[in-house]
Amino acid sequence: MVSYKRLSPEDVQFSNAVLTEEQRPVQDEIPVQEPEEASLLPRFPSCSVTKVLLVIGCLLLLLCGGWLLVTMFWLHGPSNREPHRPLPPAPAKTPRTAVNDTAAASRREACSLIPEAWRFDCYPERGVVVTREMCEARNCCFIPASSPSSSASRPSGGNGIPWCFYPPDFPSYSLVAINDTSLGQKGTLVREIKTYYPADILTLEVDIRHETDTRLRVRITDPSDARFEVPISVPTATKKAASPDYVVELSKEPFGLIVKRRSSGVVLLNTTVAPLFYADQFLQFSTSLPSQFIYGLGEHRSTFLHDVHWNTLTMWARDVPPTEQTNLYGAHPFYLAMEDGGNAHGFFLLNSNAMDVALQPAPALTWRSIGGILDFYVFLGPDPGSVIEQYVEVIGFPAMPIYWALGYHLCRWGYKTSDSTWEVVKKMRNYGMPQDVQWNDIDYMDQYLDFTLDSTNFATLPELVKDLHTHGQRYVMILDPGISSTQPEGSYWPFDEGLKRGVFIKDAEGKTLIGKVWPGLTAYPDFSDDVTHEWWYENLQRFHDQVQFDGLWIDMNEPSNFLDGSTNGCPSNSLENPPYTPGVLGGLLRGKTICATAQQKQSIHYNMHSLYGLMEAKASASALKRIVAKRPFVISRSTFPSQGMYSGHWLGDNRSQWKDLYSSISGMLTFNLLGIPLVGADICGFSEEPQEELCVRWTQLGAFYPFTRNHNSIDMQPQDPTVFSPLSRTAMKQALLLRYSLFPVLYTLFHHAHAHGHTVARPLMFEFAKDVGTYGIDKQFLWGKSLLVTPVLDPGVDYVDGYFPQGQWFDYYTGDSLRSKGEEVRLQAPLDKINLHLREGTILPTQVPNLTLWVSSRQPLHLVSALSDDGSAAGDLFWDDGESIDTYETDSYSYLIFSVTQKVMTSQVLHSNIEATYITVESASFYGVKEKPSRVMVNSQDATFTYRANQVLTVSELGLNLGRNFTISWM
């Protein structure tokens, strides 16, 4: 493995010719002249034999003397010289084949000098056994990899060391002109030699924009022809950054960008490591990475920390249960990378076309898209949290969820009737189980038709929903985008009206494209058209008049199709079968979705496919705002950058297996990086039969998903908490009540996500970026910066090993302290316990829990302070009515900060609203009080207290109004 930190940018680029240098002249091949019939020796006038003999004698003396000198020099020369080689024959007598052989030998030597880790794949096509002839036809190097892990049957196009890779002199673009602009620089790129993909765009424009001190944007476009660009709103900079944290260097021949962190000189981006491609249907560029620690690049089932050892991640939204090495439901071309010393930066390619992202151990990364433009951002951080803030500032801050979204949700496919659904709700109440939301899957519909109700089996659904509302609970229903196209004319308003308004996606011939999903043959709404949004709203309003649902679950929106393309197939052209197809499942863009050639309002589906779920979420959130006049609740399966503005996400159709329990953590953490913090997995697993111990452990972990839902599949045994043994039932109830008690913490975290772009569920490395031991941790996580969650992820154990970064930690339940040097600690974990620890220096506001958040959120507060060694701590609380739209933007909220210093706790109201005055603070506990106080005072009045041997001070019966400042002190 080559460590990039030992290489300068010049070591890994094709050429170190920078902008200030003159353009290097291209040496044309010098033709070898053929011998003429006449003698090649010059003609001399005739002379006597004597003269000839004298001349020959002199020549012989000169040759002998020269030979003696050369021999003496060679004999006395140093031993480390290259072995003696005979002089090459005179050029005039060299056959063309010999010149070619010499050039080939020189090429092979240059190729052999490229370390395996730095080989960039020249033949990425899959399912192809690449031969030397095929590779060299692309003017690339061919060397079978020496690693035993490389596959002889798949030397290229897969995950392994490429056998066919770019030579150092592979042609690329040249920077032929550059000019300053108000935001940075704009230049012209020219390619002289075409590539092996069709329709090269030979002249490009590069626009380098210094948008902020921590954000660089680069756009590479075709100046002669507008190409598709992702239709999401991004900030528009108006002036050049004054003091950027980055330095941009340009390579002229070949063109490349090198972006460095100004403070450290670390190279964050270096595109000179491999050639730039910009053809109509193939765009590719590569960059070095400063370390192997890279995260993001959703949606994939993998560890949180990506493997850079020849790992290709494909992006093209696809309906498939979470599977390794497979493109899943969403596409998120963003990564976060760590640097030596704990700094971090981010990179976002604003492109929605099918793409591969190839990681290799250099470390390096290659972006390979089949359409659109190259429009990318570099975010300077410098800490991981700041990178995410800068990223969501571009794509859009996540929405503030309605309060009940953070409660416990219960669902299954296969309740079969509304009465059986109602029975489950009643059992949950009878057992004292917290539950805020009841859901139904597609079985509530009449023949699986959207916006219909099975009047036989779900006749009582409207009454069930009213009962939920009476008990402070809510109802969410599923909707799939496919609209049945086979109902008798005039009998199904959604299709009839949609056809009349032209809301459905068209095929290449302009006819309504027909696929197949649950109701049979279906048409697909085009959510890129505002007309469709209005039609969608009207459908939802009409159904809401019948069933007063509170939120929407939008599924199958990749979009999914039980056919490949349509009932009529798809055209045979370069859109359906592009020159290069990324590693999509099945190898076809139309696989289990609609044709790439399908026509939408804003572009062809080839460009729009991975945006479908985002656009449906946007239409659904907009409609819900109009219907319920509250914050919309939408959960979507397919996602794209900026999705968090409109919906949350669940991690798809997982399985009731322990490995799925574990992998859910990395999925949750990754989506928090991607600006979609309202995320969770199906608790207990969706498919396969539930296991009792697994379901207990999953409920404990799921209690700390930002979005908490239990859901399982049709024909599986029930897995709601009421169906298990008393011991398991009690353990689940405790976990859910624990979540409800922490609602003020979670709600405040979502405020910071909405207002500032913070993560909610947070990787340890975000808070401990200088501790490399945290970089790969995905079996633990934090809520915010302070609450460490260490779940059990294995069967049959009553303990769990957890890593504790350096510092002091406190058992959340007892206040017992644990001081760590940065090490693993074995924790006791009986079946009824999930381990929680508080980080020193933090204050958490908690509440007495109840069965719904409507009741629980009105209970008194208990403040828990974990003191640092110096006795300090800090925390905060955001509070509003929980459901009104834009309370932060309209100043309709309260915001308080809590602090402890020098044995005095202060609560300070920074922003006041009437909602906070309805809440009281009844008690406070302080962990890490080193000596028993002799006196405790509340607002300068003596108060009763208790002090335990484990250094926990508790003050009760406070009765303090949350809307007013107060102090608690001890001496």
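This is a predicted model: local features need pLDDT of at least 70, side-chain atom pairs count only at pLDDT 80 or more; totals for chains, interfaces and linings use all residues.
Biologist: What is the omega of the cis peptide bond that joins Gly298 and Glu299?

Modeller: Strand 12 spans 294-298, and Glu299 is found in the loop between strand 12 and strand 13 (311-315). The bond between Gly298 and Glu299 is cis. Its omega is about 5 degrees.

Biologist: Is Asn139, which has a positive phi although it is not a glycine, buried, partly exposed or exposed?

Modeller: Asn139 lies in the loop between helix 4 (132-137) and strand 1 (141-142), and its phi is about 60 degrees. The relative accessible area of Asn139 is 49%. Because buried means under 20% and exposed means over 50%, Asn139 counts as partly exposed.

Biologist: Is Phe451, another residue with a positive phi although it is not a glycine, buried or exposed?

Modeller: Phe451 has a phi of about 65 degrees and is placed in the loop between strand 20 (437-440) and helix 7 (461-470). Its relative accessible area is 11%. Since the limit for burial is under 20%, Phe451 is buried.

Biologist: Which residues make the nonpolar surface patch of about 260 Å²?

Modeller: One member, Phe562, sits in the loop between strand 25 (551-554) and helix 10 (605-608). Phe562 is partly exposed, with a relative accessible area of 33%, and patch members must have over 30%. The patch of about 260 Å² is made by Tyr448, Trp518 and Phe562.

Biologist: How many of the 14 residues of helix 15 are buried?

Modeller: Helix 15 covers residues 743-756. The helix is largely enclosed by the rest of the structure because most of its residues fall in the buried class. The number buried is 13 of the 14.

Biologist: What distance does helix 15 reach from its first C-alpha to its last?

Modeller: With 14 residues at 1.5 Å a residue, the expected value is 20 Å.

Terms used: Residues are numbered from 1 along each chain as its sequence is written. Side-chain values use heavy atoms; hydrogens and water are left out. Helices (H or I, at least four residues) and strands (E, at least two) are DSSP runs, numbered from the N terminus. Buried means under 20% relative accessible area, exposed over 50%, partly exposed in between (1.4 Å probe, protein chains only). Patches are made of residues with over 30% relative accessible area and no salt bridge: like charges are joined within 9 Å, nonpolar side chains (Val, Leu, Ile, Met, Phe, Trp, Tyr) within 5 Å. Accessible areas come from the Shrake-Rupley method with a 1.4 Å probe; for residues, only the protein chains shown count as cover. A salt bridge is a side-chain nitrogen of Lys or Arg within 4 Å of a carboxyl oxygen of Asp or Glu. The expected span of a helix is 1.5 Å times one less than its number of residues.
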